[in-house]
Amino acid sequence: MNHKLYPWQSSCLKRWFANDGRGIVQAVTGSGKTFLALTAAWQLEQKLGKTLHVKIVVPTSSLLWQWNRALREFIRSSGRPHKKIGLRGDGCKSSADCPYMIYVINSARYELARQILSEIRQGKPVLLIADECHHYTSGQNQLIFEFLPYIEEYPSHFFSLGLTATLPSGQAEKDLCAFLGKKIFTYGMSEASASHTICQYDIFHIELEFQADERNAYDELTEQLRLFYAKLLQRHPVLSDLGSKERFELLKRLCSDKDPETARLAAAWLGLIFKRKNLVCLASARILCACSLVRQLTDQGTPGERILIFGERIGQANDLFRQLSAQYPERVGRYHSQMGPQANRNTLERFRSGELRILIACKSMDEGIDVPDASVGIILSGTSAQRQRIQRLGRIIRRQEGKKRALLYYLHLDGTSEESFFLPEHGETRSFDLKFCSADQSFFHPAYETAAETYMRRLWCKGADSKQLQEARQCLQAGYVRPDWLLDQKEAEQRVREATSVHNRNYWICMKNLSASADRTRQ
């Protein structure tokens, strides 16, 4: 954990104290929200001059243990007096009177409000830290705030801090602000990237293609959808005036329409939408591409570099796990809801320690799981949820000693409803467009292809023999899926000096020469 505040954290804390120790912070994943909150608690206690009772609420069991670890490290490394930490959730039932209490929301719903109210009435100051606070807007989760109407006569005893990377809008945002205080600070991806709070990163958009039978099935479903929608539009012309989200919500409601034919058409349309989405998600090119991508990444990857793969379907994740495990025995792990909490914790710990190099995860890792050593992310299939996109990117852009740059690969199918770009706005980061050919499992990058062909011709003209040309081709093949050919000359030369093998050294010599060519082109 970083033990020095970033400038944004210092500014944020000033605003929080100026707002009487209440408010919501929206900051990009990986930028240091946990350290901000723990520092806020410590500084508040110093300011009050007496014991502060800190209540931390998290949405998942994984986050319970992550906060427990972070809190212990914060106390240990800073030399602050040790305080007992209580845990409620995931089988833990610590006494609720510990100075630091961490609750999973399922355990907090029916007891936290009562405990906070009791402590405040006893004259004890309480700080409520709501991590991933966008989760606490549902009717059941709002029960943790039931104490608020009863503490109006104790305004100096209650403090709150909401943390999120993706604050909701509309009524959900209004509710959170009423519970935790107004939004006091926003720290986005562009600011974090420009100030180097997060690791610099590149995004590779990799275009895939359906197999012939998959394309035919997709086109047939699309035609059926068009016909059903045309009939629904005749019955409800208002559909044409709505945005995609509002249109989808209306069509879902029409499944229960009083008119049987309208309900039938809407239900059929909805069923076809999900069937087509499933076809896109499970396209055979995805696993082929992921296996080829991992193979090329590990060929010239940094020693110990970890790869995190995100999937949408558990069955697909299991298939990929089996195929990669055959290539990299005992180096691949999987993390999803069917594995069970203990198995997932063990897998995550093995990944963190370096025993596992590749981790395949489903949606259960989209929020809150701290995997600081992952520097390569592969999005196996797209998601339309902006929150998931931000969370997944956040898994790989946390700063780490020795981590120069993070790489994110987004796989998408050409000519489908799937979005072709991972993030429409990503600050100063570079973006590359590649194509994957399933037939020969190769990647195509036009600009890189031109630079590589030019370099190969130059080698041939200089009289390189067949073995040298073959070695150069292999090195250049690995470079298709990395931005190494755009390194400046000084850094490329350093990589040559640091090479750990002859093949690795040859790779960096190739990248150095391509880099020189790219520099001449830019000049």
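# Exercises on a predicted protein model

Of the 523 residues of the protein chain, 52% count as buried. The structure is a predicted model, and its chain holds 18 helices and 16 strands.

## Exercise 1: How helix 9 meets helix 10

Describe the crossing of helix 9 and helix 10, and then say which residues make the contact.

**Solution.** Start with the axes of helix 9 and helix 10, which come within 8 Å and cross at roughly 125 degrees. Because of this angle, helix 9 is oblique to helix 10. The handedness comes next, and the crossing of helix 9 and helix 10 is left-handed. From helix 9, the contact is made by Phe248, Leu251, Lys252 and Leu254, while helix 10 supplies Thr262, Ala263, Ala266, Trp269, Leu270, Ile273 and Phe274. Sorted by class, the residues in this contact of helix 9 with helix 10 are 9 nonpolar, 1 polar and 1 charged.

## Exercise 2: How helix 2 meets helix 3

Work out how helix 2 and helix 3 are oriented towards each other, and classify the residues where they meet.

**Solution.** The axes of helix 2 (residues 33-48) and helix 3 (residues 61-78) come within 11 Å, and they cross at roughly 55 degrees. It follows from this angle that helix 2 is oblique to helix 3. The crossing in which helix 2 passes helix 3 is right-handed. In helix 2, the residues Thr34, Phe35, Ala37, Leu38, Thr39 and Trp42 meet Trp67, Ala70, Leu71 and Phe74 in helix 3. The contact of helix 2 with helix 3 therefore divides by class into 8 nonpolar, 2 polar and no charged residues.

## Exercise 3: Two residues in strands

Decide whether His53 and Arg306 are buried or exposed, and place each of them in its strand.

**Solution.** First, His53 lies in strand 2 (residues 53-58), and because its relative accessibility is 9%, His53 counts as buried. Leaving aside residues up to four places away in sequence, His53 touches Asp97, Cys98, Pro99, Glu119, Lys124, Pro125, Val126 and Leu127. Second, Arg306 belongs to strand 10 (residues 306-310), and since its relative accessibility is 13%, Arg306 also counts as buried.

## Exercise 4: Two positive phi angles

Give the phi values of Glu330 and Gln441, and say where each residue lies.

**Solution.** Recall that most residues other than glycine have a negative phi. Glu330, although not a glycine, has a positive phi of about 65 degrees. Glu330 is placed in the loop between helix 12 (314-327) and strand 11 (332-335), and at 63% relative accessibility it counts as exposed. For Gln441, phi is near 50 degrees, which is again a positive value in a residue other than glycine. Gln441 sits in the loop between strand 15 (430-437) and strand 16 (442-444), and with a relative accessible area of 32%, Gln441 is partly exposed.

Conventions
Residues are numbered from 1 along each chain as its sequence is written. This is a predicted model: local features need pLDDT of at least 70, side-chain atom pairs count only at pLDDT 80 or more; totals for chains, interfaces and linings use all residues. Side-chain values use heavy atoms; hydrogens and water are left out. Axes are lines fitted to C-alpha atoms, for helices over the stretch in contact, and angles run from 0 to 180 degrees between N-to-C directions. Helices (H or I, at least four residues) and strands (E, at least two) are DSSP runs, numbered from the N terminus. Angles under 35 degrees count as roughly parallel, over 145 as roughly antiparallel, 65 to 115 as roughly perpendicular and the rest as oblique. A crossing is left-handed if the near helix is turned anticlockwise from the far one by less than a right angle, and right-handed if clockwise. Contact means heavy atoms within 4.5 Å. Buried means under 20% relative accessible area, exposed over 50%, partly exposed in between (1.4 Å probe, protein chains only).
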